[in-house]
Amino acid sequence: MKKIIAIALATAALAGCARNKTAGEAAQAKGPAADAVKSVKVYTAAKESVLLDGDYAANIQANAVNNIAPQSGGRIQKINVEVGDFVNAGQILAEMDRVQLDQAKLRLTNAETELARLKQLYEQGGVAQSDYEAMELNYNVSKSAYDNLLENTILRSPITGVVTARNYDRGDMYGMASPIFTVQQIVPVKLLVGVSEADYTKVKKGDKVSLTVDALPGKSFSGSVRRIYPTIDPASHTFNVEVAVPNQNRELRPGMYAKVNLTFGQNNSIVVPDAAIVKLQGSGQRSVFVVEDGVAVSRPVSLGRHFDGKYEILSGLEEGEKVVVKGQSSLRAGAKVEVID
């Protein structure tokens, strides 16, 4: 019996030694792996000029729109232009019936003749001053009436532009329901761009704008901020910025859909390659690894604009720090690192 117990104790002791040896070997194998030095590439954080811009969508509008029509109804005697015609400021577009204009012309001629006659008599002392002033007033009233009828009988374009609507034909009675013509100025054109209220203090008159339109693929157009509206829409939290585009070749037309890039200044900010940015799983937080004394340190950062494969860093990083740009996928905070070229 004693012999059996001794054998059992010896067997247990041997098993314990074997277990201790196995655990020691495992610890010895694990230790070097945990302390392994990771090879990484780094980028020195530096400041660059970062353009402040934004992309927006807007519809192109005519710079000015004029509806051409007389003050009162009458028969249209002449139609001189058609839809699509380009017209100059002062060009005659249509003529109304001239009966009233001719009568006003006769009255004006008569008043002018009488005024000249009374002026001569007045200078010679042959007529009272009150009579002369009454005739002068009559002449001025006649001239004003004639000028008004002339403007509303011979219809001219007040702007240089293109005829976009003609609602009557020659011989029609103008009924004051709609204008005879609509003329739109398209040199230049304008756009009203809705910009976020967060950028209200950044946008300035004269800021540069570039735009493209789907109707003219491959072409880009330039303009500038002409006017900044003073109020903010409480529903959309945007304000309107009026952009003027020269459009000398008349390629842009009202109603076209445009993609607009508005540049409103620049920042001098720290910039790093986008490969340096690490996204924490399950959150929207972004971070980078910074090498300090051969150790990887995780730094949460706030990102700004993304451009040319780089990110603007708004906070969390200082100029001159070494940021890991390769090898960070398997990196953990506190790991020892070796910087390679």
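**Entry 1: Val87**

I started with Val87, which counts as buried at 1% relative accessibility; buried means under 20% relative accessible area, exposed over 50%, and partly exposed in between, with a 1.4 Å probe and protein chains only. This is a predicted model, so local features need pLDDT of at least 70 and side-chain atom pairs count only at pLDDT 80 or more, while totals for chains, interfaces and linings use all residues. Residues are numbered from 1 along each chain as its sequence is written, and side-chain values use heavy atoms, with hydrogens and water left out.

Where is Val87 found? I found Val87 in strand β4. Helices (H or I, at least four residues) and strands (E, at least two) are DSSP runs, numbered from the N terminus.

I then listed what Val87 touches, with contact meaning heavy atoms within 4.5 Å. Leaving aside neighbours within four places in sequence, Val87 is in contact with Val81, Leu93, Ser157, Ile159, Thr160, Gly161, Val163 and Val183. Gly161 is 74 residues from Val87 along the chain, yet their C-alpha atoms are separated by 5.5 Å.

**Entry 2: Asn80**

Next I looked up Asn80, which sits in the loop between β3 (74-79) and β4 (86-87). Is Asn80 buried, exposed or partly exposed? Asn80 is partly exposed, since its relative accessible area is 40%.

Setting aside neighbours within four places in sequence, I noted that Asn80 is in contact with Ile92, Leu93, Ala94 and Glu95. I checked one of these pairs: Asn80 and Ile92 are 12 residues apart in sequence and 7.1 Å apart in space, C-alpha to C-alpha.

Two strands pair if DSSP finds at least two bridges between them. The bridge partner of Ile92 in β6 is Arg156.

What is the order of the strands in this open sheet? I read it as β6-β5-β3-β8, 4 strands with antiparallel pairing. The edge strands are β6 (154-156) and β8 (173-174), each pairing on one side only.

Helix α3 (residues 129-153) lies across β5 and β6 and runs at about 65° to β6. Axes are lines fitted to C-alpha atoms, for helices over the stretch in contact, and angles run from 0 to 180 degrees between N-to-C directions.

I moved on to helix α2 (residues 99-123), which has 25 residues. From its first C-alpha to its last, α2 reaches 37 Å, close to the 36 Å expected at 1.5 Å a residue; the expected span is 1.5 Å times one less than the number of residues.

Which residues of α2 are buried? I noted Leu101, Ala104, Leu108, Ala111, Leu115 and Leu118. An α-helix has 3.6 residues a turn, so residues three or four places apart point the same way. What covers the buried residues of α2 includes α3.

The axes of α2 and α3 come within 8 Å and cross at roughly 155°. That makes α2 roughly antiparallel to α3, as angles under 35 degrees count as roughly parallel, over 145 as roughly antiparallel, 65 to 115 as roughly perpendicular and the rest as oblique. I also wrote down that the crossing is left-handed, meaning that the near helix is turned anticlockwise from the far one by less than a right angle, while clockwise would be right-handed. Just after α2, Gly125 takes a positive phi of about 80°.

I followed the strand pairs from β2 (residues 46-68), which 13 bridges join to β13 (residues 257-273), the two running antiparallel. Tyr56 has Val260 as its bridge partner in β13.

β2 also pairs with strand β9 (residues 181-196), in the antiparallel sense over 8 bridges. There, Ile60 has Leu191 of β9 as its bridge partner.

β9 in turn pairs with β12, again antiparallel, over 8 bridges. Val189 stands opposite Val245 in β12. Strand β11 (residues 221-228) pairs with β12 in the antiparallel sense over 4 bridges, and Ser224 has Ala244 as its bridge partner in β12.

Why do I call strand β12 (residues 238-245) largely enclosed by the rest of the structure? Because 6 of its 8 residues are buried.

**Entry 3: the whole chain**

Last, I looked up the totals. The protein chain has 3 helices and 19 strands, and 32% of its 341 residues count as buried. Among contacts between residues at least 6 apart in sequence, 74% join residues at least 24 apart.
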